[in-house]
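Let's take a friendly walk through this model together. Have a look at it first, and then we can go through some questions.

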Amino acid sequence: MHRDPTITDVRLTPVLVADPPLLNTQGVHQPYTPRLIVEVVTADGTTGLGETYGDTRYLELAGPLADRLRGRRAGDLNRLFAEAGQVAVDASRLSGRVDTGGLRGARSADKLRLSVLSAFEVACLDALGKSLGLPVHALLGGKLRDTVEFSAYLFYKYAAHPDGVPAEKDDWGAALDPAGVVEQARRFKERYGFTSFKLKGGVFPPDEEIAAVRALAAAFPGHPLRLDPNGAWSVETSVRVAGELGGLLEYLEDPTLGTPGMAEVAARTGVPLATNMCVTTFAEIREAFTRNAVQVVLSDHHYWGGLRHTRQLAAICRAFGVGVSMHSNTHLGISLAAMTHVAATVPDLHHACDSHYPWQSEDVLTERLGFDGGTVRVSDAPGLGVELDRERLAFLHRRWLDDDGSLRDRDDAAAMRITDPEWVTPPVPRW
Ligand SMILES: O=C([O-])C(=O)C[C@H](O)[C@@H](O)C(=O)[O-]
Ligand SMILES: [Mg+2]
């Protein structure tokens, strides 16, 4: 067969996907969340898939960046990444110290570009893999394991979305206290076999979250536990919580914002600190690592710029003796497949990766990926090993088209204002 990897078309399809009412320190998830599905078509008729954030600021960049992809070969990614800086980013998209929708660290033009490029990279690797008959992990040098372990991502949660918005039903019920969190964890374990648990904190005063972690520890002895308040605490609060929970936690994730604060917490406690807020770009590594501010970096191939950058990050972490694992934001099966392929190739992966996927009842794939014993099997099929369901894609895109614009940019504070009209994103530190 003649293989011509020249990119002839790039299709960009924004979708709105159902999302349960999950709470975090900024508010609550809206009933639908935006994602962007990328299809890269090559001259030999192969289509590769990628997925990334679907908020307006990413969509604005996706068009001009896609224009630079057409006519290139799918393997010409290094040049694309090098040239991407020429695509302008609207400065108004960069305001705010921390990415308000996603709770994933500082915003920069480069980070926005990388978040879009990552989906193109994944789609190109998927297309190349399909065309060559090789799985994506083989294009990254080959898998080191056959399964990748994930942790249960526990959230405080309302039973249903606040009134006034079209409600999506889910069968998880509410989790607003320690008993509710333990029950949620029990169901995660039953349904998916997860054996480590991460609780999204920063929602209730620290003592309530300490009680929830203690309840988890009592209900699941020996299971690794993590707590992530997304930087909602002061250094003093962080040190106090670390003192109270120290022996129970595998790590404490982003207790406080910024490298100096994290470094102080790390110096004053023995609890390892993980982050997807303090170190989210290559530029932030030097200071954070030399100050010993973080002990585990939670990579995310979306904003780090793809699967190859994720491997570079893992290599840097290895050199500094810093652990690496994976952060997740609301995502679909294309991204879970991409995460699984790259995770399978990272040598020192000693912590279960995060994934929101169990919370997503909708997908754009013909077949959902499954968790067995808390793990996802690494596919050996060509490319990512997943197939697009065009009807589902069209359905979820129709929802995006029909939206009046209020759901096209994730806004957890807006969703919270439906129950509490006075709600504003709390200043940090909140406690
Ligand atoms: O680990 C994290 O910080 C996250 O997963 C950030 C997310 O935005 C999470 O807080 C959420 O989905 O509400
Ligand atoms: Mg986090």
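**Domains and a helix pair**

The chain falls into domain 1 (7-137 + 389-402) and domain 2 (141-377), with bounds from an automatic or database domain assignment. This is a predicted model, where local features need pLDDT of at least 70, side-chain atom pairs count only at pLDDT 80 or more, and totals for chains, interfaces and linings use all residues. Residues are numbered from 1 along each chain as its sequence is written, while chains are lettered from A and ligands numbered from 1 in the order written.

Q: Which helix supplies the largest share of the side of domain 1 that touches domain 2?
A: In all, 43 residues of domain 1 are in contact with 53 residues of domain 2 (C-beta atoms, placed from the backbone, within 7 Å). Several elements each supply at least two residues of the domain 1 side, including strand 1 (7-18) and helix 13 (390-402) (DSSP runs numbered from the N terminus: helices H or I, at least four residues; strands E, at least two). The largest share, eight residues, comes from helix 3.

Q: Is helix 5 parallel or oblique to helix 6?
A: Helix 5 (residues 178-192) and helix 6 (residues 206-219) pack with axes 8 Å apart, at about 45 degrees (axes are lines fitted to C-alpha atoms over the stretch in contact; angles run from 0 to 180 degrees between N-to-C directions). Angles under 35 degrees count as roughly parallel, over 145 as roughly antiparallel, 65 to 115 as roughly perpendicular and the rest as oblique. Therefore helix 5 is, relative to helix 6, oblique.

Conventions
Two residues are in contact if their C-beta atoms, placed from the backbone, lie within 7 Å.
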